[in-house]
Amino acid sequence: MARTGTTAVLALLPDAEAVLRSAAEVDALAVRPGVPAHAALLYPWLPADEVDGSDVDRLRAVLPVGPVPVRLAAVERNGGFVGVPVPELDRVADAVRTAFPAQVPYGGRFGPRPPVHLTVALDVTPRAAAEIDRRTAAALPITTEVTALHVVGLTRTGWHSLAELPLTP
């Protein structure tokens with residue numbers, strides 16, 4: 001469970017919201033509340049009380065110029081986890097992670113370079129995971145584009161936006 005003051009760098013994927021709603025219909029606890037459909041590029045990022053303008057500028061400096069086309073096309077399931085890979089964002093994640101080498105993605109639980117994905121369900125029963133996998137596969141492919149990255153921070157009242165970084169040419 002994330003602690004208050006945790007931040008993350010995300011690519012929001014609003015066109016995938018229906019997938020999360022469908023997962024929540026199977027198991028209301030499958031989807032974490034407070035953040036829309038997204039792919040995490042770096043989680044955790046810096047502690048919220050340490051983020052300043054120079055950190056945001058360093059982040060902005062490594063972002064791609066222009067929208068990143070994304071095609072959500074496959075489902076991965078492992079135990080109680082169901083996700084959709086977002087390989088088009090792996091290079092962006094690499095750039096962000098390289099700019100902040102002291103920040104280890106997911107605390108190192110998935111290696112130094114975990115692939116970018118949309119989490120559809122987390123910590124659900126095998127039966128729920130199978131149903132969520134089936135529903136997610138039926139909703140794919142989803143073609144969209146990422147036009148901005150977002151820095152979010154966890155407060156006592158939930159996740160809140162700290163910065164929006166448009167991918168403008």
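**Chatting through a predicted fold**

Among contacts in the protein between residues at least 6 apart in sequence, 76% join residues at least 24 apart, with contact meaning heavy atoms within 4.5 Å.

Biologist: What kind of model is this?
Modeller: It's a predicted model, where local features need pLDDT of at least 70, side-chain atom pairs count only at pLDDT 80 or more, and totals for chains, interfaces and linings use all residues. Residues are numbered from 1 along each chain as its sequence is written, and side-chain values use heavy atoms, leaving out hydrogens and water.

Biologist: New topic: Thr 136. Where is it?
Modeller: Thr 136 sits in helix H4, which covers residues 126-139.

Biologist: Buried or exposed?
Modeller: Thr 136 counts as buried because its relative accessibility is 2%. Buried means under 20% relative accessible area, exposed over 50%, and partly exposed in between, using a 1.4 Å probe and protein chains only.

Biologist: Which residues is Thr 136 in contact with, leaving aside neighbours within four places in sequence?
Modeller: Val 19, Val 75, Val 84 and Val 120.

Biologist: Back to the whole protein, what share of the residues is buried?
Modeller: 42% of the 169 residues count as buried.

Note on methods:
Helices (H or I, at least four residues) and strands (E, at least two) are DSSP runs, numbered from the N terminus.
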